Amino acid sequence: MTATGTGPLAGVRVVELAGIGPGPFAAMLLADLGADVVRVDRPGGAGLGIAPAYDLTNRNKRSVVVDLKEPEGPGLVLDLVERADILIEGYRPGVAERLGVGPEDCLARNPGLVYGRMTGWGQDGPLAQRAGHDISYIAITGTLGMIGSPDGGPTVPANLVGDYAGGSLYLVIGVLAALQHARGGGAGQVVDAAIVDGTAHLATMIHGMLAAGGWQDRRGANLLDGGCPFYGTYETSDGQYMAVGALEQQFYDEFIRLLGIEDAAPARKDLARWAELRTTIADRFRTRTREEWTALFEGSDACVAPVLSLKEAPHHPHLAARATFAAHGGITQPAPAPRFSATPGSVRRPPAMPGADTADVARDWDLPGLSAGPASTPVQEA
């Protein structure tokens, strides 16, 4: 059974050299959009620490196991590369070259290949060879320092801002742009997607505001970082939270009217009275439960929403109506995004089990040698 779907990338072939974090997520995005993604797993697994059946970043993919340290390993990957449009790898700089599957070797076999490289620090620079994780990368870009309360330390935004927003999304944009170039008559090329670059790029608007004097270089003092009393979160009487984003005047007017503080709310443009306004809003929110406030603001343009947990989110009426979450293989998970009117994506396959698809890939990619020998032995993981 081929993994190619009906999405806009149907017919595109992708080789993913197994890793953890942003590389697999980027490959999942391509697979969600219909690409035939073959993940080349290593013997012993990638070391994520969870059972492969629950690693949703490997959904819609197929897996073969190849030991790149064995003599026949690099040749098998290059055979796949010869038939592929895109390759994604997330090794430290120089590792793919030492394994025999670096850009020079791959592009020699397939001059039209888009070779996507996913790292934290990038392929060059003083830190290129250093270990790191999402939190390290967003720390030096100034992004982590923006997030949190003014009287506390920075708030860690899971690994969403660095790994996935600054990393995976930029890698996907890069490889698809390079694929467009290659298919338009240009040559294949290397895409150097560094999390530090992408994360810094995400803050482009903020840097403009900083230069214009409209953003203070400290936490919790600005319009969009929680410093503004009508753009933040407030605790309710049951210990839950409501999110408020009433930035524009007409939304703010509706917000204070429904909240019932029209007479008590200080002038919203007077920054010197923001602390007083925050206290007024906070005191009012503590008088009712999250459910009561949700019902009160329902159907309004006050830009107020309940702060839901991961388990609560799929049951929100709006997300349920849009099928933002999907159940597949007994696991509730985010559905593919964005949506396409003519070529919709879908969750077609559960997470790929290491090595389970070797025979199918060998057949579909016309690589009979892939299914022979110890390099293709499936991996059993707990």
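Helix 1 (residues 22-32) is largely enclosed by the rest of the structure, because 11 of its 11 residues are buried; buried means under 20% relative accessible area, exposed over 50% and partly exposed in between, with a 1.4 Å probe and protein chains only. The buried residues of this helix are Pro22, Gly23, Pro24, Phe25, Ala26, Ala27, Met28, Leu29, Leu30, Ala31 and Asp32. Just after helix 1, Gly34 adopts a positive phi of about 105°. Helices (H or I, at least four residues) and strands (E, at least two) are DSSP runs, numbered from the N terminus.

The model is a predicted one, in which local features need pLDDT of at least 70 and side-chain atom pairs count only at pLDDT 80 or more, whereas totals for chains, interfaces and linings use all residues. Residues are numbered from 1 along each chain as its sequence is written, and side-chain values use heavy atoms, with hydrogens and water left out.

For the chain as a whole, 14 helices and 11 strands are assigned. Its C-alpha atoms fill a box of roughly 75 × 45 × 40 Å, taken along the principal axes. Of the 382 residues in the chain, 44% are buried. Contact means heavy atoms within 4.5 Å; among contacts between residues at least 6 apart in sequence, 67% join residues at least 24 apart.

Asn58 and Ala27 are 31 residues apart in sequence, yet their C-alpha atoms are 8.0 Å apart in space. Leaving aside residues up to four places away in sequence, Asn58 touches Glu16, Pro24, Arg39, Pro350, Pro351 and Ala352.

The next element is a sheet. Strands of a sheet pair through backbone hydrogen bonds, either parallel or antiparallel. Here six strands form an open sheet in the order 3-2-1-4-5-6, with parallel pairing; two strands pair if DSSP finds at least two bridges between them. At the edges are strand 3 (61-65) and strand 6 (189-194), each of which pairs on one side only. From one strand to the next, the twist averages 20°.

Strand 4 (residues 86-89) can be followed in both directions. Three bridges join strand 1 to strand 4, the two running parallel, and Val14 has Ile86 of strand 4 as its bridge partner. Four bridges join strand 4 to strand 5 (residues 114-119), again in parallel, with Glu89 standing opposite Arg117 in strand 5. Both faces of strand 4 are covered: Ile86 and Ile88 on one side, and Leu87 and Glu89 on the other, are all buried.

Helix 2 (residues 73-82) lies across strand 1 (13-17), strand 2 (36-41), strand 3 and strand 4, and runs at about 155° to strand 1. Helix 7 (residues 160-183) lies across strand 4, strand 5 and strand 6, at about 165° to strand 5. Axes are lines fitted to C-alpha atoms, for helices over the stretch in contact, and angles run from 0 to 180 degrees between N-to-C directions.

Helix packing can be examined through helix 10 (residues 249-259). Two packed helices are described by the angle between their axes and the distance between the axes. Helix 10 and helix 11 (residues 274-285) pack at an angle of about 45°, with axes 11 Å apart, and are therefore oblique to each other. Angles under 35 degrees count as roughly parallel, over 145 as roughly antiparallel, 65 to 115 as roughly perpendicular and the rest as oblique. In this contact, Tyr252, Phe255 and Leu259 of helix 10 meet Leu277, Ile281, Arg284 and Phe285 of helix 11. By class, the residues are six nonpolar, no polar and one charged; Ala, Val, Leu, Ile, Met, Phe, Trp, Tyr, Cys and Pro count as nonpolar, Asp, Glu, Lys and Arg as charged, and the others, Gly among them, as polar.

The axes of helix 10 and helix 12 (residues 290-297) come within 10 Å and cross at roughly 130°, and these helices are therefore also oblique to each other. Phe255, Leu258 and Leu259 of helix 10 make the contact with Trp293, Leu296 and Phe297 of helix 12. This contact has six nonpolar, no polar and no charged residues.
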